[in-house]
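Hi everyone, thanks for coming along. I have a two-part tour for you today, so let me put the structure up first.

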Amino acid sequence: MLANGVRALNIGLAGFAEPISAAGAAVLNLDWRPPAGADAELGMLVARLEDDPDDAIGAAVATANRTALDRLLGASPFLIDVQPAGDAIPGLQGRMLLHSGPPISWERMCGPMRGAIIGALLFEGWASTPEEAERLAVGNEIAFDACHHHGAVGPMAGVVSPSMPVVVVENTTAGNRSFATLNEGLGKVLRFGAYDDSVLERLRWFRDAFGPTLSRALEATGPIDLKSITGQALQMGDEGHNRNVAATSLLVRSLAPTLVRTAREVDAVAALDFLRGNDHFFLNLSMAACKASLDAAHGVPGSTVVTAMSRNGVDFGVRLSGTGNAWYTAPVGVPDGLYFPGYGPEDANPDLGDSAITETCGIGGFAMAAAPAIVRFVGGTAADALNYTREMYRITLERNPAFALPPLGFAGSPTGIDARRVVESGVQPVINTGIAHKLPGVGQIGAGIARAPLSCFADALRALAAQLHVPGAT
Amino acid sequence: MSVVRQRVFRNAYRDSVELMRIAAEVERFPGVIRAGLVMCTPANLAIVAEAGLSEGLDPTAGPNDMAVALAADDDTAADAAFERAATLMRGAAAEAAGEGQRFVPTTISEALADLPGANVALISTPGTYATAEAMKALKRGLHVFLFSDNVSIEDEIELKQLGVLKGLLVMGPDCGTAILDGVPLGFANEVRRGGVGLVGASGTGLQQVTCLLDAFGAGVSQAIGVGGRDLHEEVGGLMMLAALERLVADQGTEVVVLVSKPPAPSVAAKVLAAASTATKPVVVNFLGGDAEAIRASGAHAGTTFEEAAQVAAGLILGSPLPPLEDGHGNPAELAAGLVPGQDRIAGLYSGGSLASEAKVVLKGLLGAEVAGAQQIIDLGDDEYTVGRPHPMIDPRLRSEKIEEAGGDSRVAVILLDIVLGYASHPDPAGALIPAIEAAREAARRDGRGLAVVASLCGTVHDLQGFVGQRAILADAGVRLVASNARAARLAGLVVQHTAMRGVPA
């Protein structure tokens, strides 16, 4: 009666599997537990959203997800230029500053983000003292908006002001562009909320020399294939978020010859010196490449694919392809990690930055198998690194063939987070992250691993279900 | 007074993450106040300086050198900590990687990746979650065997409508048994394979018919349970109709048997209409239902499970079939030893359909009034199973009831079903013997006799051992007959016998 005989899944009482296997049929016992954290109503919502070609809702979701995944996997992000943010980023006009994470008002911003805002106001010359900057920020003269609303992404505070040079990344498949500031390196840097003279001096050098130098070099080199660099770097011990030493080296190798030919010697030396000393330079490019890829997958009605995970130091927010520009947020926690000498968890700011765009795109924590060194942040072993990636396969719909992971037999990295799977299984996306001091200006004090809060995904899924008129969804 | 010390390891590159990990361990070392391990780049040296750990550091240390910098209680503690750091750096590389953990799937979608082509989901979760699991299974193209109870009738209807839409079976909710292509699901017996395909809205009814088919020498192609409410008005027999269609199309099925308690009249009409157009012989057992209506539709009627099995086996093997062995028992013999006032049957059932069949048989034999006075209990009913396993698995409740019956001066006969097969108790007969003996002893002390009548629902291939189970019961003086219908009838005849002879000698 059944085409290939009985092949059974056993969900519940384990003993029911015995007679089936005794009869010679295949049977698999699930390690079942009440789904969706034992919220039966939410579990039912997941069931109603399950793929099914014969059911209107199931078919809509399956088709939408296929479209989103094809766009995500088919994206071809290239670095094409470095330009002032005010020229490159649509909608960044007048006295406006962008920041990381879901939208947030000055009143609710955390210390490092406030510090970065003050630094940006000083850098732009809109204020001449920190006190004046703070008064401006409190008043209504400065507009704040999320980077994500402008095709941009920024690590940590993620503050972008019009004069800052940004990398321009174009997804040549769909034609959309994304942007990110230049990575400042470690130590006292704006993204951790520092705004002393050394920070502002570096930003001015970015604006006046480094940015234009990179732009000229790129003009001569032509667009640089970022997906290919990430693919190579994953085979060299990077995971594209907290470890970028290989990708940075690969990028510099591509840029150096033309940079030397197209720049004044003093600028070329300064640029190459800076790049040599900044293992994380590629991080911002990695983020922009991920943003360009995920933006292409965003906006497919009915899709449960996650297209952004981000934090502003107060809220953790997610967006789904199918729920437009709405953010679903929950309070963000402090990562689990290791601290620099003299610091501990009591000094840490809750997790911060748009850099979780890398995990959303299937690298970073999702590609931990490629970078066993990273797992030491939480005292783990090389085997743990593999397991982080294996676990993420449980909540993703695809394996990205462009991002092969050698320790897993060159399996593609887990890509395309499905909010249904996250909610149903309770497996929280893993995020590699730096830890910022909670006070502005102190900087990075550690690094570690964070988990995305489940309730964001549940809220997003409820909203999507309501859009699809799923019975019981409000 | 604490000390600040450093030790520089030349040309000893370590990843910064690795160094932070070692630093965290060194910091936990006794006597260490604070520790930092860094490659000596200008940026890192600045961090060390800010942490107050750089005083006295060798100024020639460069980016390829690694420094352990620490504040400790004294020099002895510092020296020990440096040794510890060196050991950790050496050992770090040698740490066993070990086997990666394997994830056992927790959800249907994950499990489908591990067992591609899966086509049946057995669901026995708490009822609150069962509908969602069943819906996901159906949407992913799996037939569903839904053992869970406490699923609402609205959910049952939705699931069955989805099943019909997708051409999939929804066996249940509250479905105890099925046999698909020879593979037993849930509570099922080891019966020979053959040409009879069954659909049942009752679990033990289906088990009884499949076992009796086996006893008659016929075999089973498929047995499809559909859950006890399938033939209710609201559900409309959706799955019995779908399963009937499937069996008519199934190459291995020559004769179809439909088993159910009396359906809602509108549903009975639908089922009989479908049976009348079937291209294969159909035997219908609507326990205690209208046999005339069945015959009028062109189907064969079987009023008891035994009769349904006998008719179906006859259609396969060629009628007429000889009766089963074990005869019918002698009521007069069993009634010997009973005293005036012993006029009741205590039917203590583990199978709900078998209890229903007993009531039907007794009503036919004794009339509605006398039959209604008998105590026929389904101990698997919800009111008895709250917080405890089903009596087919756990004999304790039934043992209690048997002992109670032994102490009841009106009870003449204890009537039992012993259900063998997968998922049932490993020794259901043996488990009841102490209670049966205690009941007998109680009656004897009271100067009464006590008859015990039972049937075994099982086959010689069942793992409990049919012959052994029979011997255990016979040794305990239990009168065994070949079917539940016969057992109920025998019990009824014993009661009738005591009534007719009035005051026994």
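Let's start with chain A, where β7-β6-β3-β8 is the order of an open sheet of 4 strands with antiparallel pairing. Strands here are DSSP runs of E with at least two residues, helices are runs of H or I with at least four, both numbered from the N terminus, and two strands pair if DSSP finds at least two bridges between them. Please keep in mind that this is a predicted model: local features need pLDDT of at least 70, side-chain atom pairs count only at pLDDT 80 or more, and totals for chains, interfaces and linings use all residues. As for labels, residues are numbered from 1 along each chain as its sequence is written, while chains are lettered from A and ligands numbered from 1 in the order in which they are written.

Helix α8 (residues 197–221) of chain A touches β3 (77–84), β6 and β8 of chain A, at about 140° to the direction of β3(A). Helix α12 (residues 281–297) of chain A touches β3, β6 and β7 of chain A, at about 155° to β7(A). For those angles, axes are lines fitted to C-alpha atoms, for helices over the stretch in contact, and angles run from 0 to 180 degrees between N-to-C directions. Contact means C-beta atoms, placed from the backbone, within 7 Å.

Now over to chain B, with its 19 helices and 18 strands. Its C-alpha atoms fill a box of roughly 115 × 60 × 35 Å along the principal axes. Of its contacts with a separation of 6 or more, 72% are between residues 24 or more positions apart.

So how do the chains meet? The contact takes 67 residues from chain B and 60 residues from chain A. On the chain B side, α5(B) gives the largest share, 8 residues.

Terms used
Two residues are in contact if their C-beta atoms, placed from the backbone, lie within 7 Å.
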